[in-house]
Every structure is written in C-alpha cells, then in structure tokens.
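Let's walk through this model together, moving from the meeting of the chains to the domains and then to the nonpolar cores.

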Amino acid sequence: MKPLLAFMKKEYSEAARTGKITILILLFVLFGIMNPAIAKLTPWMMEMLSDVMTESGLLVTTVQVDAMTSWTQFFKNIPMALIAFVLIFSDIFTKEYKSGTLLLVLTKGLSRYKVVLAKALLLLSLWTFGYWLCFTITYSYNAYFWDNGIANNLFFSVAIWWLFGIWVICLIVLFSSLLQNNTGVTLCIGGTVLLAYLLSIIPKVKVYLPMMLMDTNSLLIGTEKTNAYIKAIVITTALCIVCVAVSIPVINKKQL
Amino acid sequence: MNVLAIQNLKKNFGSKEVLCGLDLSVPEHSIFGFIGKNGAGKTTTMKAILGFLKSDSGEIYVMGEKVYFGQTSTNRYIGYLPDVPEFYSYMTPLEYLNLCGEVSGMNKSDIAMKSNELLDLVGLGHEHHRIKGFSRGMKQRLGIAQTLLNCPKLLICDEPTSALDPAGRKEILDILLAVKEQTTVLFSTHILSDVERICTEAAFLSDGKIAMQGTIAELRNKRSSDGFIIETVQKEAADTLIKAFGELQRTEQNAIVFHGSEERFFAIMQYVAENRIPVQRIEQIEPTLESLFLEVTK
C-alpha cells in the first residue's frame, strides 16, 4: 500500500509541477463559463446580425433562451474538453517508457500493476474533478439567470456523460500499456471511438454501446426514459474494468 | 558465495543472435568488470538480470533466487544504474531519494538518514535545485546514490563512466571503490584503464559468450608476455639484427620489437653475444588488458 501511495504522490506532484493541473482547471472553468455565456449572448448576437440577415431575406424573430440552451451548449462543448484531456495526458505512460524513468523505480521494487493503478487513479480523479467543476459553474450561472428545473433528468444526463469520459480514460490506460508512443495511443483511442460511433448508427446496436451515453438531448427534453440507458451503462462500466484489468498483465509482460 | 550466477543465457533480436549461451558468476564483495565491445550484449545481459527483457533460454540466479521476467522480486537485492540515468526532472535529489525509499518500503527515518548520508557520499549534499539543470556527471552520481539507498547486495552499473570527462570518471570510480565493503559491484565498460584501476575480477564478452573470466592477475597471466623490446646503441646494429632475424620489427631508429617463442629469443641473445652488439636496453613488454581484449574480441 505504501509504495502505491508514494507513487501516487509522485503522479500528483508531477501533474502539478509540470503545469497540467493548472491547464486543466483553466480549461474546465473556461468551458463552465462559456456554456451560459453563449446562451446569454445568443439574442444579442442575433440582434447584431438581424440587419444583415434581413437583407439576405431571413427574418429574425425574438430568440428565446433559457437554461436548456445553456445545457445544450454544455453537452456540445464537453467533448472538446475530453479531447483536450486525452491530448494532455496521452503521454502519461509512454513518456516514462521513452525516458527510462520507470526503470529505476521498478528496480527499487515497485510492482508494475501499482504503476498502472496510480496513473489510472490520477486520470480518473482529475477528470472527475474537472468535469464536475465545469458542471458546477454552468449549473450556478444557469440557476442565477434562469431555472435549471426546465431540464429533465439533468443529473442523470450529466452523470452518464461523465461515465463516457471514464471509458475514454480507461482506453488511455489500455492503449498505453500496449503501445510505445503517445501518437499511437491518441490514434487508437480516436479509432476506437470512431468505430463505436459507426456501429452506433444501427439503432439496435446503439443501446449497448458507450456512445449511447453521449446522446443526452432526448433525456433533457424528456422524450426518453432513463431505463433506456441501463444496458449502455452496465456495458460501459464492464468495459472500463476490462480495460484496466487487461492492461495489468500486458504491462507485467512488457519489455522495458 | 556467488551473488549472481548466469547459466547458458540466450537472446535473439529477430535473426540477430546477441547472447548465445552466456555463463557468468560473480562472487560476493568483488568489483566485477564486464568488458565487451559496443553492441556485444552487455546491456542486454544486464536487462535480463533485472527482468526487463525476456531471455530465449537459460537461467539467472541472484542471491540464489531465480530471476523471472516481468514480476521480478529478485530486484530487491539489486541496485541498478543505467548508462544514462533519467530521473523525474521536476524533483530535487532529496525528493527523488525519498520517492525511491518509500517505493522500496523503507521507513521515514531510515530514508532521511540514508539519503543525507548518500548525497554527501556522492557530493550532492548541498544541491537543493531540481534535477532538471543537472549535468551528466551529477546525474550519474545521483544515480549511484539512488542505487545504494536500500543497501543492495548487488550493484549493477551499465557503463557508468563512458560519457564522463576524466574528473567525472575518477569521482565515479572512487565512489565505486568506496562502496566495495558494503556490496558487490558488477559494472560493464569498454574503458580498460577503469577495469585495471578498480576491478578485482573481470570477464570478457565476445560473440555472445564469456570468452575469458578471472581475477585481473589471472587474466594478465593468461598471456605470459607480449614480447621484448631490444634497443641497440647504434642504428646499424639494429639493421644487422633485423637482417639476421626476419620476424623482428622496427619501432624506432634503434629499437626493435620481438614477438615469438622463448627459444627464438635466446637465439637472438646468443647472436647479440657472439657478434658483440652493444645493447642499451632489453625490456619485457608487460601484458595489458588492452592487448588481451583485442586478442579475445578479434
């Protein structure tokens, strides 16, 4: 237990001292503010553009914005935050393989699975912290300007999107144990998500896929029930566990 | 007792055979020089000992325990210093040793005591900056401190002096000499003067096998002599000798070198005596590790 805690402490201090935590906080705060800000600015922007649009034959009527507009923005923007997160942390394992820093701590008797656990826990905790920070900021602004009550199943929708992020992070862990460089890791994650996206075009398959968890629109407006997501939630959770579980024996047999 | 024993170790990289049946044993409290050309397989052997590389066949024992690839519990006996050690550059030396100590399960007071003691030993006691700005020599010294932290039974150093200037090399060799009492040192190198300076035993690695192993004196004795230098007073005398004995080679105006059997040498001496050739100096050439190395790795 002590070696694991020591290595986790190293991971957090690394993320802090190399500025990654600062970048993440700035990123998530920015996204958190941007969602209600865009909603709030939409009528003003429309007004600014109305003259030009009238000239080109488009009639602009008064635009109604509410908390829903802001939440739609939230789910539009959060994939961008997740992509940034993956790019920032794609080298979390591979950097150590390349530089050879891992060799020395491993010869000190650190078990390889503890490296996987420490890094996975760092990623999961930072994603969780950043994501809910972004959510809290958007939620607070929305409550101040409008009424959050208009969005149905809000917490459920936000929670399943968070789970989707967890799945992507488990993919970082899996591909980092298999591959030697971070470009490969990023490409494989992109490839996996793309494959899942292509499969999700078939409605019957979609309900079983993690991609289902990104589809929160119908939940928010209340046309879809939470029950419809159970299968995807169970499967995604299982996939997360499998990803981390598989990466441990892979790392154990990795030639360093 | 042997701290390290390797039996019939084989390793191929693709079609390239790097190690083909390597046998090696390192006795306790020795400084063992592991000598070989670049690309001879020194690092490969060391990585196999540490369980970082899967060998194709053969067995490795550290302190009598078998080494397994991957989950390598025998590493608790080993301190490892790679040729270019890399550390977490955002840490200070003390923080780094603290991490190493905690990872290896030492308690806090031991870590604090041992870290300070070792940083003083390697001359980094007053270095409070982050590792980022360290020179190669400083990193190498921190590397040694790191390897000695948990009092290893076997210290493995991969070419610890190859990338350093003469002053840095001397410092590292002095440190290795100083730790001889506490541990056994296995260090790979191709710098033979380092081996002659500090090693008690050495082995030559050539063509994936140990070509020769023994104490430094034993190795030297393997080649009784490298020949003689005969220096005559006059240049003409040297000419006469070369004319009479075809195998003699001129090295200077009036100096000739002889490689050959003892009988032949006495024949030359007889010729010198009979013809009353004035000789300034006759010297036996001391066998060096270098000549041995060149012969072994030919």
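Where the two chains meet, chain B contributes 24 residues to the contact and chain A contributes 22. Keep in mind as you look that this is a predicted model. On the chain B side, β6 (78–81) and α2 (93–103) each supply at least two residues. Helix α2(B) gives the most to this side, with 4 residues. Sorted by class, the side of chain B that touches chain A holds 13 nonpolar, 7 polar and 4 charged residues.

Now stay with chain B and look along its length. Its domain assignment gives domain 1, covering 2–215, and domain 2, covering 228–296. Taken over C-alpha atoms, the centres of these two domains of chain B are 44 Å apart. The contact between them takes 8 residues from domain 1 and 4 residues from domain 2. On the domain 1 side, the elements giving two or more residues are α6 (192–198), β9 (201–206) and β10 (209–215) of chain B. Among these, α6(B) gives the most, with 3 residues. This side of domain 1 divides into 6 nonpolar residues, 1 polar and 1 charged.

Two of those elements deserve a second look. Strands β9(B) and β10(B) pair in the antiparallel sense, over 6 bridges. Within the pair, B:Leu205 stands opposite B:Ile210 of β10(B). The hairpin that the two strands form has 2 residues between them, and B:Asp207 takes a positive phi near 50° there.

The largest nonpolar core has 130 residues, and A:Ile172 and B:Ile156 touch the most other members. Helix α7 of chain A, residues 154–178, provides the largest share of this core, 15 residues. Why does the core lie between domain 1 (2–215) and domain 2 (228–296) of chain B? It does so because both of these domains give residues to it.

What surrounds A:Ile172, once its neighbours within four places in sequence are left aside? The residues in contact with A:Ile172 are then A:Val86, A:Phe89, A:Ser90, A:Leu123, A:Val185 and A:Ile189.

Methods
Residues are numbered from 1 along each chain as its sequence is written. Chains are lettered from A and ligands numbered from 1 in the order in which they are written. This is a predicted model: local features need pLDDT of at least 70, side-chain atom pairs count only at pLDDT 80 or more; totals for chains, interfaces and linings use all residues. Domain bounds come from an automatic or database domain assignment. Two residues are in contact if their C-beta atoms, placed from the backbone, lie within 7 Å. Ala, Val, Leu, Ile, Met, Phe, Trp, Tyr, Cys and Pro count as nonpolar, Asp, Glu, Lys and Arg as charged, and the others, Gly among them, as polar. Two strands pair if DSSP finds at least two bridges between them. A nonpolar core is a set of buried Ala, Val, Leu, Ile, Met, Phe, Trp, Tyr and Cys residues joined through C-beta atoms within 7 Å. A residue is buried if 20 or more other C-beta atoms lie within 10 Å of its own, exposed if 12 or fewer, and partly exposed in between; C-beta atoms are placed from the backbone.
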